[in-house]
Amino acid sequence: MKYKKFILSIFILFIYFNVALAETNKLEKVTVTATKKEGTVLTSPISISVIDKETIKTKSVVSVEDLLRDVPGVEITTRSGMGKSKAIYIRGEKRALILVDGQKISEQKSMGTAPPLLIDTNSIERIEVIKGPASTLYGSDAIGGVVNIITKKKADKVVQGSVSGAYNSSTKGSDFSATIYGGKDKLSYDVAASSSRHKDLESAKGKVDNTGSESESVSLGFGYNFSDNFKAEVSYDKFTSDIETHAEPDASEGQTYFFLDLPQWDREKYSISLEGKDISSNLKKVYLGAYSQNTIKDFVNNMDVEQNMGAMGVNTMEIRINMLNDQDTQGVTAQTDWLFSNHYLIFGVDYLKDELDAKESKKITNSLPMMMSINSDNDYYYKGENKTLAFFVQDDISLSEKFTLIAGLRFSDYDSELSSTNNPQSSEKDSSDSNVTGSLNLVFAKSQNTTFRIGYAQGYRTPTLMESYIGTQHGNEDFCYSNNDLKAETSDNYEIGARFSSNNLSLDSALFYNASEDYITTGTVDGKKQFINMDESTSKGVELSLNYLIEKLNLTPYLSATYINREYKKEGFETDKTGLPDYSGRFGVEYTKEFASLIFKSDFFLRFASEAEKEEQTKKGVKITKYKSWTTANLNLGLSFGKDSNYSLNAELGNLFDKEYKVANADFDEAGRYGIVKLTVNF
C-alpha cells in the first residue's frame, strides 16, 4: 500500500509542477504517426513512448526487446529462450500488436503472446509504442497496445550508411550489421544485412543450458518520387533464426524431462506502397499499401511424465512432438486524409488474410506393458485461413485553440475456417463474426509546453486458428482442445494523463484502467483441458516518465516507473496474483560532455522491480509461484568522434554487483555481471 500512495503522490506532484511551469518553457517536438496522422508526443491524445534513432544509435544493445525493456508500462520477460522468443507485456497484457512500417506480423498458432520481433535494429529509424487499446485504428490484437517499428527510408546523400559490430560477454556472442542507403533526384534505395551468434547465457548462478541463438537478416528497398507530392516504395526483407530453448521439468505436473527447441523461426516479406500528400486544399493524403509475408516456425517439444498407477507401478509416458507452422499473410491498407475547416478526417480500409499450413508429428510411448494400448505415433496436418475486412474513420476536431476532440470508429468483419485436417480430435469447421470498436479522446493544450488528456478506447482480439480449431499440447501432458464457440476478446480502457516539455524538463504521466471480457485462456470442460473465454480481467495503474537537465553540471537525472495491479476471474477462481510486479522501472543520471570533436556520454542507472506472485489452478490444486524483488546497478559509456561524429564506441556494464535475479514470469535467471561493447562507423 505504501508504494501505491508513493507513486500516486509523485504523479499528482508532477501534474502540479507542470501547471506551475507551463508558461516559461519551450516545446520539444518529436514527430510520431501513431494516430495515423503526423503529430508530436506532446499533443498525442494517447499514451505513447518513442525510441528515436539517436537512442538506438547510442545503445550498445542489439535487439528490439532490449530497447523496449525500459519503456514505462512495458515488461519484457525471458520465457523459454533468448533470441527473439521473449514475451512482451504492455500494461500487464500479453496481447500486443507488432507492426513493421504499419504492417502486421501475425501468428495463428501461438500461446497468445505477441509475435516475435524478427527484425534487425540497424535497419530501424524509430519505434513507437502505443500503450492501451488501439483497435480502432489498428484492428485485432491491439488490446494491450501496439509496437510499430519504423524502418529507415530517408537519405541526405547519394551514398551513406553504417557498419557496426558488438560483443556480449554474457553470451560470448557477437553481432554484426551493415546498412547502405541513399538517393539522387527521384530515386532512393536502402540495403541492409546482419548476423548474430550467441552461446549459452551466463547468469550469476552459472551457465543456463540451451539458451544460445543464431540469426541473419537481409533487406532492400527502392523508392521513386513521381513529384514532390507523390512517391512509390517497394521493399523486401528476410529474417532467419535458430533459437535454442531452455526448459526445466515441472515437478508439480509429474514431468521428469522437458525439452524445447526452435531450430527455425523465419520471416520473409514483400511490400509496396503509394503515397500522395497535399493533393488539394482538402485532400491532404492518399495512401495505398500492400504486402505479402511468410513466417515459418519449426518447434520441438519433448517431455517425460511419470504417472503413479497404484499397484501397477509407475508409468513413464514419453511424449515427442515436432510442429512445423508455415503461414502466409496478405495485407492491404488504403487511407485518405481530408481537411475541412476545423476537422481532420481519416477514412481507411484494411484487409488481412492469414493462411496456415501446419504439420505435427506426435509420438507417445508408455513404459508399462499394460499401457501399450494407448501408445501412438501420428502425423497430422491442418490447413486453415483467417480473413478480416475492416473500415475505420477518425475525426480530429479542433474545438478551440486549446481543446481538440479525437473520435474514431472501426467496423471489422472476420471469417475463419479449418478447411482440411486428418486429426480426429479436430474437425473441418468455419465461423464468422463482426465487431465495432470506438475511441474518444480530449486533449487540452494549456500552453505550448503543457497538455492534459483524457480518453476512452475499446479493444478486441479474434480467436486464432489454433484456439478455434486445432488445439495444442505445448508444454503439457494433457492435450488442450480447441473451441469453435470462442467469442472475440473485448476491452474498455479509460485513462487520464499530462505531459510537459521544455529545454530542461520533460514529463509524461498517465493513470489508466482497463477491463477485458471474454478473455481467451485455458480451463477444464467436462474433464478435459480446453480453450475457454474467461469471465473478465482488469488492470489499473500509473505510468511516469521524467527527466531534468541540470545545464551547469551537464547532468540529466531521470526516472521511468510503472505501478500496475492486474486481476482476473475464471470459472469461479479470482486472483490478483498474476505474476506481475506492483512496481518496476529505471532511475538514473546521464552525463554529457563535449571535448572539441569528442562527445562523451555516461549513464549510471538502477533497474528495479518489486516482488510478484502468480497463482494458478492445476490438476493438483492451486499453485503459487513467487518472484523476489530485485535491483541491478548498470553503467553505459559512449564516445562519439570524427567528422560529424561518424564514429561511436558504446559500452554497457550490466548487473555490476552480479546479482542473482529472475524477472517475473521468466523461465530462468537473467545475466550475471556482463559487458557489451559496440563500435559503429557511419559514412
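## Positive phi in two loops

In this predicted model, Lys172 sits in the loop that joins β10 (160-168) to β11 (173-184). Its phi is near 45 degrees, a positive value in a residue other than glycine. Most residues other than glycine have a negative phi. Lys172 has a relative accessible area of 49%, so it is classed as partly exposed; the class of exposed residues begins over 50%.

Asp185 also has a positive phi, near 55 degrees, and is likewise not a glycine. This residue belongs to the loop between β11 and β12 (187-198). With a relative accessible area of 72%, Asp185 is exposed.

## The nonpolar cores

The largest nonpolar core has 22 residues, and the members that touch the most others are Val64, Leu68, Val74, Ile88 and Ile127. Two or more residues of this core come from each of α3 (64-68), β4 (74-77), β5 (87-90), β6 (96-100), β8 (124-131) and β9 (145-151).

What does Leu68 contact, leaving aside its neighbours within four places in sequence? The partners of Leu68 are Ile51, Val74, Ile76, Ile88, Leu117, Ile127, Val129 and Val147.

## Thr245 in strand β16

Thr245 is part of strand β16, which covers residues 230-245. Its relative accessible area is 3%, and because buried means under 20%, Thr245 is classed as buried. The side chain of Thr245 lies 3.4 Å from the backbone oxygen of Ile243.

Five cavities of 30 Å³ or more are present in the structure.

Helix α4 gives the most, with four residues. By class, the lining of the second largest cavity comprises 10 nonpolar and six polar residues, with no charged residues.

## Two further loop positions

Asp669 lies in the loop between β35 (647-654) and β36 (674-682). Is Asp669 buried or exposed? Its relative accessibility is 11%, so Asp669 counts as buried. Beyond its neighbours within four places in sequence, Asp669 is in contact with Leu201, Ser203, Lys205, Glu660, Tyr661 and Lys662. Asp669 and Gly384 are 285 residues apart along the chain, and their C-alpha atoms are separated by 38 Å.

Asn342 occupies the loop between β19 (314-340) and β20 (343-366). Its relative accessibility of 30% makes Asn342 partly exposed, because that class covers values between the 20% and 50% limits. Setting aside neighbours within four places in sequence, Asn342 makes contact with Asp396, Ile397 and Ser398. Leu549 is 207 residues from Asn342 in sequence, with 37 Å between the two C-alpha atoms.

Technical notes
Residues numbered from 1 in each chain as written. Predicted model: local features only at pLDDT ≥ 70, side-chain atom pairs only at ≥ 80, totals over all residues. Heavy atoms only, no water. Buried < 20%, exposed > 50% of the residue type's maximum accessible area, 1.4 Å probe, protein only. Polar contact = N/O pair within 3.5 Å; in protein donor to acceptor, adjacent residues only side chain to side chain. Core = buried A, V, L, I, M, F, W, Y, C linked by side-chain atoms within 4.5 Å. Contact = heavy atoms within 4.5 Å. 1 Å grid on protein atoms, 1.4 Å probe; cavity = no way out; pocket = protein on both sides within 12 Å on 5 of 7 lines; lining within 4 Å. Points joined across faces, edges and corners; volume = space filled by probe spheres on them. Nonpolar A, V, L, I, M, F, W, Y, C, P; charged D, E, K, R; others polar.
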